[in-house]
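Welcome! Work through these exercises with the structure beside you, and try each task before you read its solution.

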Amino acid sequence: MKTLTVSVVTPNGPVMENEAEMVVARAESGEIGIMPNHIPLVAPLSIAAVRLKQGNDEHQLAVNGGVMEVSSNKVTILAQSAEKPEEIDVQRAREAKERAEERLQSKQDNVDYLRAELALQRAMNRLDVANK
Amino acid sequence: MASLRDIKARIDSTKKTKQITSAMQLVSASKMNKAEQNAKGYVPYSEKMQAVVANIANSSTDVSHPMLQTREVKKTGYLVITSDRGLVGGYNSNVLKTLQNTIHERHQSPDEYTVVVVGRKGYDYCRKRNIPVTNSILGVADHPVFADIKEIAQSTVQMFTDGEIDELNIIYNHYASAISQVPTKKKLLPIEDLHEQGDLTAEYEYEPNQDEILKVLLPLYAESLIFGALLDGKASEHAASMNAMRSATDNANDLIDDLTLSYNRARQAQITQQISEIVGGASALE
């Protein structure tokens with residue numbers, strides 16, 4: 001079966017480069033699945049897991065936003081951070097989640113809600129990916 | 001001539017200084033290697049980012065985004081990357097000189113520009129000279145990760161989007177090689193020279209549409225440029241520090257050689273004098 005080359009790149013270096021039969025990501029407009037010979041595409045991603053399917057295997061990556069580019073059977077994901085499940089610091093993510101929840105519930109004026117919300121999303125995303 | 005004991009004391013203290021500088025040289029050398037690797041590891045990201053942005057900018061002529069448009073410049077922002085500590089030779093002064101010259105050339109009053117500083121040296125310099133500082137970050141790690149400077153990068157880019165500044169320049173030391181760092185001034189925003197880069201091979205489909213993507217992509221792009229400059233600057237900092245410490249060690253060696261020479265001379269002179277005293281005494285007895 002035909003495959004796509006998937007590379008995930010962050011400012012701290014490439015996270016992975018892999019072959020996959022199908023890539024499922026959550027774009028800001030909804031979930032999209034990319035299969036080989038997809039037309040060139042650019043889409044911003046939301047904070048969610050990116051799934052790579054290879055036969056019966058499925059790999060997950062926690063990707064924090066960023067942009068996905070597809071051209072000539074290559075999928076490139078540019079994100080500010082991305083982690084494989086085994087790289088996730090569960091303890092830290094859990095703490096970040098609690099902190100963000102606390103902030104969101106504090107209902108004070110000096111809290112940056114947008115930031116807290118994004119932090120919460122990132123933490124939940126990491127926990128989701130790590131627990132699978 | 002200084003006494004034997006004085007010279008001995010100076011030799012000892014110079015030796016101790018040499019020990020410190022040569023240790024710092026080794027530390028800086030290893031930090032430089034790491035920083036160079038970091039800068040290299042970052043290249044794929046920035047290249048990919050550049051390619052995607054250039055592709056979008058090229059693929060259609062009617063892209064419009066505030067970050068691509070040149071406005072009349074009422075206020076200019078400068079992002080200056082310096083180090084937190086000294087002992088780095090001309091590293092900081094080169095960057096700050098570039099900043100000072102640029103300000104002198106282009107501006108009449110402090111209302112026309114503002115500075116965002118990375119590093120304590122630059123911060124102190126600006127404060128002392130009443131250069132307006134909007135934002136600063138001190139104590140950046142030796143090997144920064146993106147999260148360290150995300151906030152300042154975001155808020156700086158935000159300043160441009162909000163119309164607070166109409167142009168953003170970045171001043172840092174470019175790491176040309178281990179022995180050469182070039183103070184560099186680059187215009188970051190508005191993004192201008194996109195159309196020359198990238199190939200026109202792919203016609204993209206945009207999901208949901210071009211404007212939405214540019215809204216996400218361009219800030220990411222600008223932030224990535226800032227981070228790239230920071231990594232470049234850090235590599236330069238360690239290289240500059242290594243060179244400064246190496247020449248300090250060399251100077252200490254020269255100094256020790258000179259002092260040892262005059263120490264031996266003084267010792268010889270003392271012995272000669274003692275002998276002539278003994279001979280003089282003996283001949284007086286005859």
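Two strands pair if DSSP finds at least two bridges between them. Strands (E, at least two residues) and helices (H or I, at least four) are DSSP runs, numbered from the N terminus. This is a predicted model, where local features need pLDDT of at least 70, side-chain atom pairs count only at pLDDT 80 or more, and totals for chains, interfaces and linings use all residues. Residues are numbered from 1 along each chain as its sequence is written, chains are lettered from A and ligands numbered from 1 in the order written, and side-chain values use heavy atoms, without hydrogens and water.

**Exercise 1.** Find how strand E1 (residues 4-10) of chain A pairs with E2(A).

*Solution.* Step one: the sense is antiparallel, over seven bridges. Step two: pick A:Ser7, whose bridge partner in E2(A) is A:Glu17.

**Exercise 2.** Describe the open sheet of five strands in chain B.

*Solution.* Step one: its order is E3-E2-E1-E4-E5, with mixed pairing. Step two: E3 (133-137) and E5 (180-189) of chain B stand at the edges, because each has a single partner strand. Step three: E4 (residues 167-177) of chain B pairs with E5(B) in the antiparallel sense over nine bridges. There, B:Ile171 has B:Lys185 in E5(B) as its bridge partner.
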